[in-house]
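Then we can walk through it together.

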Amino acid sequence: MTDVTSAKSSRRHHWRRDLVELAALFTAVSVADALANAVAHGPSGPVLLCGSAVALIATAAFHTWWSRRHEHAPPPTDTGAAAPTAPAGPEGGRQETALWRMRTTVRDEPGSLAALCTALARHRVDILSLQTHPLSDGTVDEFLLRAPVPLPAAELIRTVAAAGGAHTWLERADAHDLVDAPTRMLGLATRTALDSAELPLALRQLLGRCTIHSVPARALKGHPPAEPVPDEGILEEHTMKFRDPSGGTVSIERPQLPFTPTEFARVRALVELDARLGQRVPPRRDVLTLPEGNAITVRRAGPSDLDAAREMHERCSARTLAMRYHGPVADTERYLDHLLSPRFGRTLAVETASGRLVALGHLLWDGTETEVALLVEDAWQQRGIGSELLRRLVGMAAEAGCASVYAITQASNTGMVAAMRGLRLPLDYQVEEGTLVISARPEGLPARRESVRPEAARVVPRTGPQTT
């Protein structure tokens, strides 16, 4: 709005200046004619000629001085036409605004973007950032907008359509979206480099609402194997596929919004970075003391803990394993290999002072929700280990921006129910044929970094937690 008003003001200024210059030209011609007649026919012609020369020099000197004095002066401010940062409300205060992320396709022609910006300015919509995604038949423009709260989303979409925008997509944004694209990419690359489990979360934050399917190279029972994907990946309208470093595939779907070549290049860069660095697990270790005085260590677990996890399973009783997996585990090695992979979630391990693994806690990405599952060795149950693992796993879910966390167990598992209640979060219960699903909303826990929502698809049957 400000640019359009300035352009109109500039045009009015040029019109006035042209009129003044034309009047000055006619005046100068009249004066010159009078002086010529006086010099030619009057007795004091030379005196008048010299006086005119002096007056002309003085006028030129004054014009030069005046121009140099005002050439760096700021342009006059039209307070009535300039759009403030926040539109004024009905009582003179600043009007409440909302942030929106908008993506629309415009023709690849000069002036198409200017027409769109002008239409948004008429509704006092402020453009905070703009990214362009060139296509073969047009350009996809992605905006971060600050619009008045009374302006409905439907009206905003109609305005964009009237200005030439097509296939418009609109979503509410928050303060985290104010970060510019290069800074965001550097932050996502740093997170991915430090932790393999961050890749699905980084992709979700980069692409918005999407579904990420991670399919292992060796298929589990009842699931199809990973399909071959070329090294450069596959880009379709609503799907992207990449080769996982472990030999599987990573498939990303976004039905509501097509992917662009720019997004494909960014995702491929993150996947290639993850592949080059290999499996990475943060080395943080927390030493805790149990009520009876025994010291335990809680740390992140990864594929390197496969042998220790298998040995712990062999020490667990059949009842403990049945409570954990809802039945016998036919292929423990492949199942544990999936659970310990950072591609499908995060795993916490509990070690004794001697270094023996006695408990595992899993946080598994499952669409918009997240599953928690626990397994504690029989000799170490009822000591608070499961409750500590559960609290930490739900805290991780809160940091990742997960909307919901659920646990599946048997209705008779009073220990798991007590542990979930100990979180002091809103809980939902669903019971069906002896199976109890307990869901919690971790938004009540403080998050220590930007929120993203993992949208990874489930690739193994849901597995419920074990008694603590």
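First, some ground rules. This is a predicted model, so to speak of local features we need pLDDT of at least 70, and side-chain atom pairs count only at pLDDT 80 or more, while totals for chains, interfaces and linings use all residues. Residues are numbered from 1 along each chain as its sequence is written, and side-chain values use heavy atoms, with hydrogens and water left out.

Where pLDDT is low, the predicted coordinates should not be read in detail.

Now the overall picture. The protein chain has 12 helices and 16 strands; these are DSSP runs, with helices being H or I of at least four residues and strands E of at least two, numbered from the N terminus. Of the chain's 468 residues, 42% count as buried. Buried means under 20% relative accessible area, exposed over 50%, and partly exposed in between, using a 1.4 Å probe and protein chains only. Among contacts in the chain with a separation of 6 or more, 67% link residues 24 or more positions apart.

Next, find helix α4, residues 153–162, where L156, T159 and V160 are buried. Seen down the axis of α4, these buried residues fall within an arc of 95 degrees (taken from the directions from the helix axis to the C-beta atoms), so they line one face of the helix. In general, an α-helix has 3.6 residues a turn, so residues three or four places apart point the same way. The buried residues of α4 pack against β1 (97–106), α3 (112–122), β3 (139–148) and β4 (166–172). On the other side of α4, R158 and A162 are exposed. Just after the helix, G164 takes a positive phi of about 105 degrees.

Last stop: is H362 buried or exposed? It sits in strand β12, residues 357–366, and counts as buried because its relative accessibility is 1%. The side chains of H362 and T347 are joined by a polar contact of 3.0 Å, meaning a pair of N or O atoms within 3.5 Å; within protein, one must be able to donate a hydrogen and the other to accept it, and residues adjacent in sequence count only if both atoms are side-chain atoms. Beyond its neighbours within four places in sequence, H362 also touches other residues, including R324, L339 and E371.

Key
Contact = heavy atoms within 4.5 Å.
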